[in-house]
Amino acid sequence: MNPCANLYFLSLLACKLFECLDETTLETLGADLTTLGDMLLSALAHKTACEISKENCKPDSI
């Protein structure tokens, strides 16, 4: 998918969720998805650091 297609899809998904879910559920889903994104970025950062310097690589680092 190209970036514009991704943005279109995400916009459509957001609108459909907004139509179907109540405010409390939307707030919770938004917070959970933000947390998921942050956790994925953290895992990638740890993986990159591990690949750059094997000294930083520990089994429990992720």
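**Notebook: a chain of two helices**

I started with the fold and found two helices and zero strands in the chain. Helices here are DSSP runs of H or I with at least four residues, strands are E runs of at least two, and both are numbered from the N terminus. A reminder to myself: this is a predicted model, where local features need pLDDT of at least 70, side-chain atom pairs count only at pLDDT 80 or more, and totals for chains, interfaces and linings use all residues. Residues are numbered from 1 along each chain as its sequence is written, and side-chain values use heavy atoms, with hydrogens and water left out.

**Helix α1**

I looked up α1 next and found that it covers residues 3–20, 18 residues in total. From first C-alpha to last it reaches 26 Å, close to the expected 26 Å; the expected span is 1.5 Å times one less than the number of residues. At its N-terminal end I found N2 as the cap, with a side-chain oxygen 3.0 Å from the backbone nitrogen of C4. I count a polar contact as a pair of N or O atoms within 3.5 Å; within protein, one must be able to donate a hydrogen and the other to accept it, and residues adjacent in sequence count only if both atoms are side-chain atoms.

**The salt bridge**

How many salt bridges does the whole structure hold? My search found one, between the side chains of K16 and E19 at 3.6 Å, N to O. The criterion is a side-chain nitrogen of Lys or Arg within 4 Å of a carboxyl oxygen of Asp or Glu. K16 and E19 are three residues apart in α1, so about one helical turn separates them. K16 is partly exposed at 44% relative accessible area, while E19 is exposed at 58%. My cut-offs are under 20% for buried, over 50% for exposed and partly exposed in between (1.4 Å probe, protein chains only).

**Helix α2**

I then turned to α2, residues 23–52. Its 30 residues reach 43 Å from first C-alpha to last, close to the 44 Å expected. At its start, a side-chain oxygen of D22 comes to within 3.1 Å of the backbone nitrogen of T24. Further along α2 I checked T35, whose side chain reaches the backbone oxygen of A31 at 2.9 Å. T35 is partly exposed, with 41% relative accessibility.

**Cysteines and burial**

I searched for disulfides (cysteine sulfur atoms paired within 2.5 Å) and found zero. Of the cysteines I looked at, C15 is partly exposed at 43% relative accessibility, and C20 is exposed at 63%. Last, I checked burial: of the chain's 62 residues, 2% count as buried. The chain exposes about 5500 Å², with carbon and sulfur atoms supplying 66% of it; these areas come from the Shrake-Rupley method with a 1.4 Å probe, and for residues only the protein chains shown count as cover.
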